[in-house]
Structures are given as C-alpha cells and as structure tokens.
Amino acid sequence: MERDLSYLPELLEGDATGKIAEIYAEIRLCSGVPYVSTLQRYLATIPGVLEFAWTIVRPAMISGAAPDAAWKAASEAAPPLFPNLSASNLQDLGINSDDLQTIRNIAANFARVSPVNVVTGALLEPIVSGQPLPSGNGFGSLTIDHPTMLQGMPSLPSMNLLSSDLRSELETLMVPIDGQPFLPALYRHYARWPAFASYLATEIPHRRSEPAVVLAEKRAIEGIVTAAKTLFQKLPKPSEDLVLPNSSTAKLILDAIHRYRETSADMICTGQALLRSLPEQI
C-alpha cells in the first residue's frame, strides 16, 4: 500500500456536488489555477465550513482584491536563485523542451495558488479566533478580469512506482506537520523526472536554512497576512443567518490555516525561484 503523504482529509473536486461544486468553481476562477488546493478541500469535509468560509472571503476574492494583494505581497519575497539550471544542465538531467515547459508550469501553479490560499486563511483567522464579524463597505461592483487560467498539471506520480533510491531522496524534502512527515506536492510532482528530483533533493534541504531563503519566506507570509488585515476591514458584514462554527470547529479551521501557512512559504519561494532560475526554453 502506498504511504499516505497527505496530512489533511479532503473532498476531491470530482466528488463535489451542489453548493460545494459551485464554490470550487469560483475558487478556481479567482485563483487562476485549474484546481482547488488542499486547504479548501479540507474545509469542505467539515459540514458547513467551506460554505461559511466562502461567505466571509468571497467579496474580497471575487472582486480580485484579495488575489491581487496576495500576489503583490508574494512578488516582493525575492528568494535567491537555484544554481546550475541552464539549458545544458537540464539536458544533462534528461530534461527536454516539453519537460521544461511542464516543469515551469508546475512551479507557476504553486507560485500562483499558494499566496491566494494564505490570504484566504488570513481573512478567516480573525473570526475563528473570536474577533467580531467584519462590517466594511465592500470592494465595489466593477467587472473584474480574472487572470488567464494556467494549464493543468500532470497527475501526481505514485510513490510506489519510484525507485527506492529516489524515495529515500524525496524523504529529505519532507517537512513535519503535527509531528508527521509530509511531502509537499510540488516535490512529488517533480518525481516524474528522477534526475531533476535528485537535484532538488540536493539543493532544497540546505536552502531551507539559508538566511536569504528564510527571510524571503518570512517576507512573503508577513506581507500577505498584513495585506489581509487591511482587506478584512473592507469585508462587508455577512447576513444575520450566517452560522458561525462552534469552538471545536473553529480550532480545526485555525489549526489548518496555520499548518498550511507552514508549507506555503516554501511553495511560494521555491516556485518563484525555479521560475526565475529555469530557462524559458531549451
């Protein structure tokens, strides 16, 4: 049996129906990526929670205000580049032109979706922490041109089909979540190209402790959370019939927000660094 490398239960997009499916469609539209991330898929497994969460954040999301603010803040992270990713280096790793475009698209998906999910969590955090509901004036009614949807990513490769050596190398990219090892999906996607995954397994562990990388990750998350605090003041007051989560459910939501934030900094900065380090073509 394949090792379970996820850390949250989730409602898959193919299993979503009714209101949840409608929310998923809007999340994809606002994020500009063709999938719904783990955070929202997890919230959808708790009865009524994704509906509650989307009611709160939707005005900032559908207006484009929240995604734009998150992307702007993330763009200022400026993580250091990866070395040795020239066209010739990639060819030595067995990467051809089509592979490169897929690798770049995977990095672009994570670099784009992670800031949006961080700002989503940051907008929910005050309420599930016990603060009053927002009562702002909203974000206007202008028609927003949402970003062009990125191309979809290939399916995640099965860990059971990888060589034992590559599995061992990928274990060096795992991060602890609640004391359990978790392999971020970005790195699991790259297992499709074993030599490239081995390269990342060589580079990523020491990058995580580099001061410039640590600072870039901190700058990204703090910038997004700060932007969310301003956005929260503009969120309109929800209707009186909104059902707030009870204390135990609120704790689950808050824990998920914080757990997701731990891996999002890595996804934002690694995605950005790869896009800037990789050549555009071979």
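Biologist: How much accessible surface does the protein chain have, and what share belongs to carbon and sulfur atoms?
Modeller: About 13,100 Å² of accessible surface, with 52% of that belonging to carbon and sulfur atoms. Keep in mind that this is a predicted model.

Biologist: Noted. What percentage of the residues count as buried?
Modeller: Of the 282 residues in the protein chain, 50% are buried.

Biologist: What about the cysteines, Cys-30 say, buried or exposed?
Modeller: Cys-30 has a relative accessibility of 1%, under the 20% cut-off, so Cys-30 counts as buried.

Biologist: And Cys-269, buried or exposed?
Modeller: Cys-269 is buried too, with a relative accessible area of 2%.

Biologist: Different topic. What is the secondary structure made of?
Modeller: The protein chain has eleven helices and two strands.

Biologist: How does the radius of gyration sit against the globule rule?
Modeller: The radius of gyration is 19 Å, close to the 19 Å the rule gives for 282 residues, so the protein chain is as compact as a globular protein of that length. Along the principal axes, the C-alpha trace spans about 60 × 40 × 35 Å.

Biologist: What share of the contacts join residues at least 24 apart?
Modeller: 87%, counted among contacts between residues at least 6 apart in sequence.

Biologist: Last one, charges. How many positive and negative side chains are there?
Modeller: The protein chain carries 22 positive and 29 negative side chains. The centres of those two sets are 5 Å apart.

Technical notes. Residues are numbered from 1 along each chain as its sequence is written. This is a predicted model: local features need pLDDT of at least 70, side-chain atom pairs count only at pLDDT 80 or more; totals for chains, interfaces and linings use all residues. Side-chain values use heavy atoms; hydrogens and water are left out. Helices (H or I, at least four residues) and strands (E, at least two) are DSSP runs, numbered from the N terminus. The radius of gyration is taken over C-alpha atoms; the globule rule is 2.2 Å times the number of residues to the power 0.38. Buried means under 20% relative accessible area, exposed over 50%, partly exposed in between (1.4 Å probe, protein chains only). Contact means heavy atoms within 4.5 Å. Accessible areas come from the Shrake-Rupley method with a 1.4 Å probe; for residues, only the protein chains shown count as cover. Lys and Arg count as positive and Asp and Glu as negative; His and the chain ends are not counted. The place of a charge is taken as NZ of Lys, CZ of Arg, CG of Asp or CD of Glu.
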